[in-house]
Amino acid sequence: MRKETWTGIPTRTSGQTTRPLQDEATRAWNLHSALYYKAGGTPWRMQRHSSDLATCYVGVSFYRTANGNELHTAVAQVFNERGDGVVVRGGTAQISKTDRQPHLTLSDARQLLLDALAEYRTTHGHQPARIVVHKTSNFTTGEIDGFHEAADLRDIDHVDLLWIQRRGAPRLYRTGQLPSLRGTSLRLDARSLLLYTRGSVPYFRTYPGLYVPQPLLIRPATHGTDLLTASTDILALTKMNWNNAQLDERDPLTLRTAYRVGSILKHVPPDARIATRYAYYM
């Protein structure tokens, strides 16, 4: 590790200016978490009850190529409860005239999930019993049918398709100076739930953030989804970033990593094969 990485003071030859650093405790936490992971350890994992089904969490995101002229392409980031993941790049997406959001065709949605499940099986030696797909745009009928067809082909009965809106969600207010507690949820109706993944923390008696936290709005695309279970999973996945000692993050690991991977893949030729084992430590 370069000296200026720890001290923030550049060498004479680097030509860079002094950059701000986190406190030493945070830097030490991040450094030793990295060393522990690289030595083969798992820093922490999601809690799992003995009755919980083995779950494959998939984050789907979209990006433009570097020139900005080509259509969006889908990226899936696949994780299990240990935080281990693989990157799967999907087919070309289309911009819907209805909501102006990128969407997949039925066949591309089916193939994307089939590729994700194939990589999951290669990595873990078995198929999951449950699939959870996170996406920041609404699910079209074609996407819903495509994802369910892929699950049916692999004999997987439990599929949750969740539309996670990051903007435009109503906010909740508490009496006093501090914002809502992290983990606060409110059922708006049978098909939508608000979840604060960032917020005040009773242990610290304060809100460890700089801006007013905004909740996520969670909407299931199909009937039968348990919103409480879905929100519990999302809250847990916000803590699965091993590269961050911060108590809370807003986005679940599925979507956060899909964004990061998309920013990298936009520079990769479209004909290059992308299916890489990947543990989130960027």
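**Cores and a helix pair in a predicted model**

H3 and H4 pack at an angle of about 40°, with their axes 7 Å apart; axes are lines fitted to C-alpha atoms, for helices over the stretch in contact, and angles run from 0 to 180 degrees between N-to-C directions. H3 is therefore oblique to H4, a word for angles that are not under 35 degrees (roughly parallel), over 145 (roughly antiparallel) or 65 to 115 (roughly perpendicular). On the H3 side, the contact (heavy atoms within 4.5 Å) involves Leu 106, Ala 109, Arg 110, Leu 113, Leu 114 and Leu 117. Among the H4 residues that take part are Phe 147, Ala 150 and Leu 153. By class, the contact comprises eight nonpolar, two polar and four charged residues.

This is a predicted model, in which local features need pLDDT of at least 70, side-chain atom pairs count only at pLDDT 80 or more, and totals for chains, interfaces and linings use all residues. Residues are numbered from 1 along each chain as its sequence is written, and side-chain values use heavy atoms, with hydrogens and water left out.

The largest nonpolar core has 29 residues, of which Val 58, Val 78, Leu 104, Leu 113, Val 133 and Phe 147 touch the most other members. Such a core is a set of buried Ala, Val, Leu, Ile, Met, Phe, Trp, Tyr and Cys residues joined through side-chain atoms within 4.5 Å, buried being under 20% relative accessible area with a 1.4 Å probe and protein chains only. Elements that each supply at least two residues include strand E1 (55–63), helix H3 (106–124) and helix H4 (141–153). H3 gives the most, seven residues.

How values were computed
Buried means under 20% relative accessible area, exposed over 50%, partly exposed in between (1.4 Å probe, protein chains only). Helices (H or I, at least four residues) and strands (E, at least two) are DSSP runs, numbered from the N terminus. Ala, Val, Leu, Ile, Met, Phe, Trp, Tyr, Cys and Pro count as nonpolar, Asp, Glu, Lys and Arg as charged, and the others, Gly among them, as polar.
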